[in-house]
Amino acid sequence: MIILLLCLKRSELRFSTSPSQSRGTPPHISLPIAYSRRIEGLLEDTPKVVLQDLSPPTKQNPVATLHHGLERVLFNPGVHWLRDPRSLVYNFSPALGIIPKVADFAFERLTGFIRSSRDDDLWALAKQEKRKFGGSTSSLSGMLCHIYFLLSGNKSVDTSTLSLDFRRENLAFTPGQRMAASVVFNYRNGVYSIDSDSDKEEGADKNILLWMGTILEKYLTMPSEEFLSNLRSRPAPPGKNTDESTREAYRYSKAKKFVLRSQLDCHDSRLPGTGVFDIKTRACLPIRMDILNFEESSGYVIRKNLGLVESFEREYFDLIRSAFLKYQFQARIGNMDGVFVAYHNTARMFGFQYVPLEEMDERLFGSAPGAGDRVFQKCMETLELVSDEIIACFPRQSVKCTFETQDGMGKDLNIWVEPLNWQPEFMKSGFKQAKARQTPIKQIVVTAKSFCGNVPAKGARCVGTMDQPWTVHWTITHRSSDSDKEDEIRASLQAAKDRRFRAYSLPTGISPQNIRDWWDALDFSGSKKINVPITPVDDEGNEGIEVGLSNVPTKKTTDESFFRDNFTPPDSRIQYLRDLANSGREETIRIGLEDRGRRKVVLGVGEIDWEDTLAEQEISAQIQRKEATAEAAT
């Protein structure tokens, strides 16, 4: 390996030649950057135990189990329809198919999620084990994803097991999966606890999916009566959540420099290993692509197993590109067997699927056994390397940083670091120079070159090749942050944030003139009603809800430019999805009318008396629309 490193250094020197000494630098080769610090080394292919279990210091709730007969999904591969569309037999209780409205759920009655920076157990374990860093799956998975993009050379996914409908579809990770990840390293007495950046919380009360994840997790793991006790229409049970010492179930583990925490969603002792698995709720395509048009999009239905739209296969394809990478990191941090996926449209449940960790690994890394474990080891080792460099930018203070590896071959990992609370001395003394008042910023650039054996190779090839050692030569460079470079660094960070921007499509029936009133009234959290701040932890609501104890902050006045810049009319693609949703609603009404008065057949139970109240609501709404149209015509 020493010979390999020396060869690498000699090859790098050839790229440092001044452009004036040649006929010009080719456009695909970047010029050397000015730097203040540069280190390099090798990630060798030596298998090792990445994480070791730690005992939680305080009492925890037992890990939940599936209810409503859903456990059979764990042991039968593939999708399980809630109701078979051909025979109309229910495979599970019909009541499971109707999802309670988010506004009716009392989130404040749940045991609240605890952020890494507020988790005294996590901090105590880090001190006990002499680790510098602590973090949870929700805060670490985004960074690990961008490290993987770097090491793998932006490897594409494998969808060869899907039908021919998807043979020409994009195999790259989705733009949402590739968005820059922002976190905060919170410093406290020698330990840095890592949280997701709170900037993501802005507008969280407007995103139905952030809240739906928590509701459905409880819906699937609680007996019906216990779940119903969390609805606002029912009084809170006496003594609920009074034992503050009992917390949600977590797995704590340690790596070389980290203590990690993973929330444990569900357990079945018949599964391999620990028997623990994650619960993920997956909203259908139109809900995800047109998030504010949730009412109309909730008409979209899954009609078939295979196909480009209105199918379980479509949702699975999107999971591969947008979620499996994050899911497998979270499963490994929690020592889980896999993920239980519930497919829905926010109003109705369609079916369930259990995806073992091995299946996710095959779609991401290839079929060679052990490839996923090796990827996790290298990503964790890289995370520990860069974390040391991040905190060295502004020692012994909290910092916020943004990770991004852009799409495309040969892209580096860029990390921008800023102090979280900047109070320079000149501000205290009244010095008014505008340039100097800016928060300082530093940029770290991470590169990676892969070798299969001793032969240079693309990272994408090395990821799935287990018959050859995969060695990574890495460099970590601190860009020069002199005053003349800071503006350039700040501009590159802003460009990364701009790539994260996605404008909303105006919901059906809402115009630019009334969007402000509609937006201000939208509040899925219920915080305004109960005067308690409630915040989702991750982008899907699957990691839990943080319930605060202080008063709700005063609502900020949203500037007019926000509505001008963030809302656009629906384009043709969004309109196509809306048309599908409306067609699906018509289908729901047709089936509802045919089902009226009929006894329903439930597998393993027999015939039961049950009416689809959601379909009845749709039928009533359709009748009212027709009456209103007829009245307007006369």
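In helix 10, Phe324, Leu325, Tyr327, Gln328, Ala331 and Arg332 meet Leu357, Met360, Asp361, Arg363, Leu364 and Phe365 of helix 11, where contact means heavy atoms within 4.5 Å. Helices (H or I, at least four residues) and strands (E, at least two) are DSSP runs, numbered from the N terminus. The model is predicted, and local features need pLDDT of at least 70, side-chain atom pairs count only at pLDDT 80 or more, and totals for chains, interfaces and linings use all residues. Residues are numbered from 1 along each chain as its sequence is written, and side-chain values use heavy atoms, with hydrogens and water left out.

Two packed helices are described by the angle between their axes and the distance between the axes. Axes are lines fitted to C-alpha atoms, for helices over the stretch in contact, and angles run from 0 to 180 degrees between N-to-C directions. For helix 10 and helix 11 (residues 357-365), the angle is about 135 degrees and the axes are 10 Å apart. Helix 10 is therefore oblique to helix 11; angles under 35 degrees count as roughly parallel, over 145 as roughly antiparallel, 65 to 115 as roughly perpendicular and the rest as oblique. The crossing of these two helices is left-handed, a term used if the near helix is turned anticlockwise from the far one by less than a right angle, with right-handed used if clockwise. The contact of helix 10 with helix 11 comprises eight nonpolar, one polar and three charged residues. In this classification Ala, Val, Leu, Ile, Met, Phe, Trp, Tyr, Cys and Pro count as nonpolar, Asp, Glu, Lys and Arg as charged, and the others, Gly among them, as polar.

Helix 10 also packs against helix 12, at an angle of about 80 degrees and with the axes 11 Å apart. Helix 10 is therefore roughly perpendicular to helix 12. Here Phe329, Arg332 and Ile333 of helix 10 meet Gly372, Asp373, Phe376 and Cys379 of helix 12. These residues divide into four nonpolar, one polar and two charged.

A further partner is helix 3 (residues 137-151), whose axis comes within 9 Å of that of helix 10 (residues 324-333) and crosses at roughly 125 degrees. Helix 3 is therefore oblique to helix 10, and the crossing is right-handed. Thr137, Ser141, Leu144, Cys145, Tyr148 and Phe149 of helix 3 make the contact with Leu325, Lys326, Phe329, Gln330 and Ile333 of helix 10. Seven of the contact residues are nonpolar, three polar and one charged.

Beyond four places in sequence, Ile415 touches residues including Val386, Ile390, Phe403 and Val446.

Ser152 lies in the loop between helix 3 and helix 4 (175-178). Ser152 is buried, with a relative accessible area of 0%; buried means under 20% relative accessible area, exposed over 50%, partly exposed in between (1.4 Å probe, protein chains only). Leaving aside residues up to four places away in sequence, Ser152 touches Gly459, Ala460 and Val463.

Across the protein chain there are 21 helices and 23 strands, and buried residues make up 51% of the 634 residues.
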